[in-house]
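Thanks for coming. Please have a look at it first.

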Amino acid sequence: MEPEQQRLLDRGLAAEGPIVVLTGAGISAESGIPTFRGEDGYWTVGSKNFHPTEMATQAAFRRMPEEVWRWYLYRRSVCRRADPNPAHHAIVQLERALGDRFLLLTQNVDGLHLRAGNTLERTYQIHGNIDYLRCGDAPESLQPVPLEIGEQWGKDSPFTEEARALLSCCEGGRLSRPHVLWFDEYYDEALFHFESSIHAAAQASLLIVIGTSGSTNLPMQVGTIVARRGAPMIVINRDPSPFSRMVEGSGSGWFAEGKAGDHLPPIVEYLAERA
Ligand code: APR
């Protein structure tokens, strides 16, 4: 490991405050789940009939709830067929080594961090989880998507009567909605840990950013707060990103350009040995 990287990790370990990990779709790419803006990305290829980002809106759900559900059930099937990869497992190892000093903020709705073994208490799913549904914005209505709905949904699978019956679990038999944050919606604390994530950025002794293009608001706020504080920041990404630009030349950051599966395990090893 480069001495500069070791110096930053030592600084992070020595300081007060949580060690925060922020992940995006890039960490699940090695599990075979498409990213959003990559060549095969969901926002690049999208659904058969509609522009991709159009599908991920409350407006679309109001207009065509079944079409939106069909798309999320297809994406959920892709996620359920995937397995956590070495980068996911490294983050579990880091949580076990750091305990309450560890916090994971993930943009991923694929559920792979929890399936790998990270705890719900220390994992903020800031864009939701595709394995869950809810009734409107009521956090207390959050519940797992019924397993009977199956994991074999293809892009063209029809929305069945059985699916409608299973998903119409809200008061008065109303249709539920996927527990994901849509483009025409706002972060909040109850469903998406907004304030807690901002607070964590203000306290973080070290931030490790993995596999994200920095295209959404809260993650960029988290990165900006840490960078402005001059706290150590490690960025692992296949391509340069707004986060890598934050650390370049900053003297308090490091950009490891490449795959999460290659760059993350040695960093976790280093931290876990010294935690
Ligand atoms: N290892 C590390 N980084 C990778 C890898 C890999 N194996 N593969 C791809 N990447 C990087 C890409 O270079 C890219 O910068 O991961 C990033 C993925 O970016 P996006 O596809 O834009 O995904 P993400 O940043 O998670 O999107 C953020 O946008 O659309 C919303 O809600 C959606 O949560 C999502 C959010």
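A polar contact here is a pair of N or O atoms within 3.5 Å; within protein, one must be able to donate a hydrogen and the other to accept it, and residues adjacent in sequence count only if both atoms are side-chain atoms. This is a predicted model, in which local features need pLDDT of at least 70 and side-chain atom pairs count only at pLDDT 80 or more, while totals for chains, interfaces and linings use all residues. Residues are numbered from 1 along each chain as its sequence is written, and side-chain values use heavy atoms, with hydrogens and water left out.

Now the ligand. Glu-30 has a polar side-chain atom 2.7 Å from a nitrogen atom of the ligand.

On to the helices, which are DSSP runs of H or I with at least four residues, numbered from the N terminus. Axes are lines fitted to C-alpha atoms over the stretch in contact, and angles run from 0 to 180 degrees between N-to-C directions.

Take helix H1, residues 3-14, against helix H14, residues 260-274: the angle is about 40 degrees, and the axes are 11 Å apart. H1 and H14 are therefore oblique to each other; angles under 35 degrees count as roughly parallel, over 145 as roughly antiparallel, 65 to 115 as roughly perpendicular and the rest as oblique. In contact, meaning heavy atoms within 4.5 Å, are Gln-5, Gln-6, Leu-9, Asp-10 and Leu-13 of H1 with Ile-267, Tyr-270, Leu-271 and Arg-274 of H14.

What is the arrangement of H7 and H14? Their axes come within 9 Å and cross at roughly 15 degrees, with H7 covering residues 86-98, and the two helices are therefore roughly parallel. Residues in this contact include Ala-90, Ile-91 and Leu-94 of H7, and Leu-264, Val-268 and Leu-271 of H14.

Last, helix H11 (residues 194-203) and helix H12 (residues 217-229) have axes that come within 8 Å and cross at roughly 20 degrees. That makes H11 roughly parallel to H12. Among the contact residues are Phe-194 and Ile-198 of H11, and Leu-218 and Ile-225 of H12.
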